[in-house]
Amino acid sequence: MKIETIKILGELKLSGYQSKSIKDELRDNLIENIKNKKTTFEGIHGYENTVIPELERAILSRHNINLLGLRGQAKTRLARMMVNLLDEYIPVVEGSEINDDPLEPISRYAVELIAEKGDDTPISWLHRSERFAEKLATPDVTVADIIGDVDPIKAANLKLSYADDRVIHYGMIPRANRCIFVINELPDLQARIQVALFNILQEGDIQIRGFKLRLPLDMQFVFTANPEDYTNRGSIVTPLKDRIGSQILTHYPESVDIARTITSQEAKLDTRQSESVYVPELAKDLLEQISFEARESEYVDVKSGVSARMSITAFENLLSTAERRALISGDDKTSVRLSDFIGVIPAITGKVELVYEGEQEGADFVANSLMEEAVKTLFPKYFPKVEKLQKQDEETPYDDLISWFFNGDGFELLDDLDDATYKAKLDEVTPLDALIADYQPGIDPKDVYFEKEFILWGLTQFQKLSKYRFSEGMQFKDPYGSYISGL
């Protein structure tokens, strides 16, 4: 018989069920996972050797936890995934507001019910998916919200004195007894509210409106906080920090490959979009590199961080840009072009906090600068490095390409060209074929035209060519041709 089919207290006692604290549940199930080589935090990438081992050590130590890190670092997701370490079902006294354990009741309701009905006390079963509560800390949160208060309506309806503890209305924390309780953005919680958490964290009890009420709550607390908040909007009061067992620092992906994995996993794409738009490997790397450039940019506020959500929404915008272009030109299928990256600008400008210099330059300028810096960073990984200083008459791999532009009138690439015209236009620049053949011989044929465009963009970043953005597309020219023609 499955234990969760038991309906009364007497049967539960006969089954040999043993009560266990939530911290012991988490600890015991984690130990089993580690022994069986089972991944606890599935879908979390880049934390395998940093955050996750620290989190597992905190769980083994039965600590309350504070996840400290900038926005978009999967802090809340980690907290939510801890639910998977709970037992599948736990018994509760039926009708209890605070999930009373039938074998160790703590509320007046449960104690009196068991005293009245004994082994016939009805019990219900709580699934682990229902054992998670979350509260975003905002300035308007009150002690009554999270701890509880006297309910005058209940007192009137039951004809009870305010001195009777049955008039208490429990707040979020007591109602989350035997659950994981997450408070997001802890520093935003007013100091006086943080003080109300002292006893809950240390002794596990609560105080409501002067009642001598001892409720030894069984809770696993997880807090999340942004280090920026410590100086700008508030702080975690020192005695509360002292009561949090482990503070774990989160971080952004440390490599483009990890960032790509996260973006691919999290991007919400329409199936038809995925099937009709091909994304070259270099385009994926370039998209992630934009975030890495933003985190180092002098225009972007480093303290605020650049969320991993930026790459995710930028990827969605990138595919939508290519899809829209294909719809306009009548192509059933298409491939992402470098010129499509103009469509990711709204995703960038909405996700970065600019410092004063960035605000002066403008969000669009900063977004374009980040894209150009990403091209500049990746270019030497695919094609020969362009030296800043070179001897006169020294040959370079790019001489034929630069001569092609020097002897021509420039080259225009419109945004909404159909695929056939787009490829034909790039094929006109014949020296590009030799560069691809020499330095990317094993390239996927579907990626060739993206890399041709990438070469043009790359050489503009090293001042070997110039590019001009106009309303309908991009123009590439020899950087000195305009000066010579004007003489």
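This briefing describes selected helices, strands and residues of the structure above.

The model is predicted, so local features require pLDDT of at least 70 and side-chain atom pairs count only at pLDDT 80 or more, while totals for chains, interfaces and linings use all residues. Residues are numbered from 1 along each chain as its sequence is written, and side-chain values use heavy atoms, with hydrogens and water left out. Helices (H or I, at least four residues) and strands (E, at least two) are DSSP runs numbered from the N terminus.

**Helix packing**

- Two packed helices are described by the angle between their axes and the distance between the axes. Axes are lines fitted to C-alpha atoms, for helices over the stretch in contact, and angles run from 0 to 180 degrees between N-to-C directions.
- Helix H13 (residues 256-266) packs against helix H15 (residues 281-296) at an angle of about 105 degrees, the axes being 9 Å apart. H13 is therefore roughly perpendicular to H15 (angles under 35 degrees count as roughly parallel, over 145 as roughly antiparallel, 65 to 115 as roughly perpendicular and the rest as oblique).
- In this contact (heavy atoms within 4.5 Å), Val256, Ala259, Arg260 and Thr263 of H13 meet Glu281, Lys284, Asp285, Glu288, Gln289 and Phe292 of H15. The contact of H13 with H15 comprises 3 nonpolar, 2 polar and 5 charged residues (Ala, Val, Leu, Ile, Met, Phe, Trp, Tyr, Cys and Pro count as nonpolar, Asp, Glu, Lys and Arg as charged, and the others, Gly among them, as polar).
- For helix H22 (residues 431-439) and helix H23 (residues 448-461), the axes come within 10 Å and cross at roughly 110 degrees. H22 is thus roughly perpendicular to H23.
- Leu432, Asp433, Leu435 and Ile436 of H22 meet Val448, Glu451, Lys452, Ile455 and Leu456 of H23. The contact of H22 with H23 has 6 nonpolar, no polar and 3 charged residues.

**Helix H16**

- Helix H16 (residues 309-329) has 21 residues and should span 30 Å at 1.5 Å a residue, which agrees with the 30 Å between its end C-alpha atoms. The expected span is 1.5 Å times one less than the number of residues.
- Glycine 330 follows H16 and has a positive phi, near 85 degrees.

**Strand E8 and its partners**

- In strand E8 (residues 220-225), 6 of the 6 residues are buried. Gln220, Val222 and Thr224 point one way, while Phe221, Phe223 and Ala225 point the other way.
- Strand E1 (residues 65-68) pairs with E8 in the parallel sense over 4 bridges (two strands pair if DSSP finds at least two bridges between them). Asparagine 66 has phenylalanine 223 in E8 as its bridge partner.
- Strand E7 (residues 180-184) and E8 also pair in the parallel sense over 4 bridges. Isoleucine 180 is bridged to glutamine 220 in E8.

**Three-stranded sheet**

- An open sheet of 3 strands, with antiparallel pairing, runs in the order E12-E14-E13. Strands E12 (411-414) and E13 (466-470) each have a single partner strand, so one side of each lacks a neighbour in the sheet.
- E13 pairs with strand E14 (residues 473-477) in the antiparallel sense over 5 bridges, and tyrosine 468 has glutamine 475 in E14 as its bridge partner.

**Aspartate 120**

- Aspartate 120 lies in the loop between helix H5 (108-117) and strand E3 (123-127), and counts as exposed at 54% relative accessibility.

Key:
Buried means under 20% relative accessible area, exposed over 50%, partly exposed in between (1.4 Å probe, protein chains only).
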